[in-house]
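This report goes through one protein model, from its overall make-up to single residues. Please keep the sequence and the 3D view open while reading.

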Amino acid sequence: MESKSREVLLLFTFTTALFFFLSTSSSASLQTQTQTLLLNPLTAPQTTLSWLEPESESLSSSTTTEADPDSNSTATLQLHHIDSLSSNKTPDQLFHLKLQRDALRVDSLLSLAAAKRGGGHGGLGLGFSSSIISGLASGSGEYFTRIGVGTPPKYAYMVLDTGSDVVWIQCSPCKKCYSQSDPVFNPKKSRSFNGIACTSPLCRKLDSPGCNQQRQACLYQVSYGDGSITQGDFSTETLTFRGTKVPRVALGCGHDNEGLFVGAAGLLGLGRGRLSFPTQAGRRFNRKFSYCLVDRSASTSSKPSSIVFGDAAVSRTAKFTPLLFNRKLDTFYYLEMLGISVGGRRVRGVTPSLFKLDAAGNGGVIIDSGTSVTRLTRPAYLAFRDAFRAGAPNLKRAPEFSLFDTCFDLSGKTEVKVPTVVLHFRGADVSLPATNYLIPVDSSGTFCFAFAATLSGLSIIGNIQQQGFRVVYDLAGSRVGFAPRGCA
């Protein structure tokens, strides 16, 4: 009897210990994974661009080499923030302008997607590179690079845009031109400028080609759906990327330009379409390019970043996800998104079906360099947002701000713990730094959750979430990669 009592006691003790162990392990596994966010408020723009000195550009243009399929050329430019061009605006004003432009940008993409679905038009070596500039100063939420146009090259700012195809630049004489930082390009002063005939195959690649019958000159027109428009002569010209010349690039020479590209001279279309720069120059850089977008609040001591074309664009540390193709809209880069994790746990309400690209070309997820704030279909956003709120109960809530419905008052603090966020793509889990999803929106310590809902079925991965990653576009391999800490 005594022996049996001892056995029962031992069994009870073991069971209790096992229950305690399992409960502790389960509790530990349910703990929210966090990371530290260093709180840097909106800062005043820098006011110098050392690489704008004329002697710097004249030196580079005298040492350029022409890219050809057998070249191994590469060139890297130091990165500067475009805020340096808008020293007359406060950080708060710049941020408000950015959000205004971002809303127009998203409307433009959604309009383009809707029009296309409806049948409308809206080098083998290591390669070469050019620096990227964050476009917050002009309120654009986009990124700019400095490119030489013509022969001899005249340097100007060009918007980098993965959401459009046609390359274009403002040209004199202007019927209507907006204000830009550099003199308007004069094609008559370029030895390499050539018009395109109406009967040319290049002209027929335009969605809506026009023809000047008197000159038999091909005309282009591009509308961006947000009121922006550019039109003029479709032509070929040499582009210079600080050491490498790319000849015979088909581009629009815009004599009538109205819209939102204040400060930049034109646009370098980086989409997947027939007339985008990557498609046109594909043989020269093996159909590969990558960029690393710097944080807008980056200090002068931040490491420079670049856009790289060619095999050198592919980072060894990148995690890749396959590109999907939408035959209704070949401009955009579609990715297969599977879900989102917050604090180390998958958000139950965020399912692959919410991001599916269907056979009719509806829905899907695109990655876009010109959109700032990531937009998710409403059901996905609400589940994601609620999970983040639940994972950050100790952060003091603040009123909504513009399109952001989840904000916090972090004034007086230097750092806080926030739940981790991971975006899950097919084959690639992308862990975001805290600065990529909780961002300052004013100068008084208000930070907001940098995502928003869209009523459209199209989700857009914006550039705030891409900051600090080298985003690799390997069109030859039909994949996109993400390399963390890629600006080094």
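The sections below cover the basis of the model, its confidence, its aromatic contacts and one aspartate.

## Basis and overall make-up

This is a predicted model, in which local features need pLDDT of at least 70 and side-chain atom pairs count only at pLDDT 80 or more, while totals for chains, interfaces and linings use all residues. Residues are numbered from 1 along each chain as its sequence is written, and side-chain values use heavy atoms, with hydrogens and water left out.

The protein has eight helices and 32 strands; helices (H or I, at least four residues) and strands (E, at least two) are DSSP runs numbered from the N terminus. Of its 488 residues, 54% are buried, where buried means under 20% relative accessible area, exposed over 50%, and partly exposed in between (1.4 Å probe, protein chains only).

## Confidence

The mean pLDDT is 82, and 76% of the residues reach 70 or more; pLDDT is the predictor's confidence in each residue, from 0 to 100. Residues 50-64 have a pLDDT below 50, and this stretch has 26 contacts in the model beyond near neighbours in sequence. Residues 120-129 are also below 50, with 54 such contacts. A contact means heavy atoms within 4.5 Å. Where pLDDT is low, the predicted coordinates should not be read in detail.

## Aromatic rings

The structure holds 21 aromatic pairs. Rings of Phe, Tyr and Trp (its six-membered ring) pair if their centres lie within 6.5 Å; planes under 30 degrees apart count as stacked, over 60 as edge-to-face and the rest as tilted. F332 and Y334 form a tilted pair, 6.4 Å centre to centre with 45° between the planes. F332 is buried at 2% relative accessible area, and Y334 is buried at 2% as well.

Why is the pair of F388 and Y437 edge-to-face? The planes of the two rings are at 85°, with centres 5.9 Å apart, so the pair is classed that way. F388 lies in helix α7 (residues 378-391) and Y437 in the loop between β26 (428-432) and β27, 49 residues apart. F388 is buried at 0%, and so is Y437 at 0%.

## D442

D442 is in the loop between β27 (438-440) and β28 (446-449). D442 is buried, with a relative accessible area of 11%. Not counting residues up to four places away in sequence, D442 touches L42 and D92.

The side chain of D442 reaches the backbone nitrogen of S444 at 3.0 Å. A polar atom of that side chain also lies 3.3 Å from the backbone nitrogen of G445.

Notes
A polar contact is a pair of N or O atoms within 3.5 Å; within protein, one must be able to donate a hydrogen and the other to accept it, and residues adjacent in sequence count only if both atoms are side-chain atoms.
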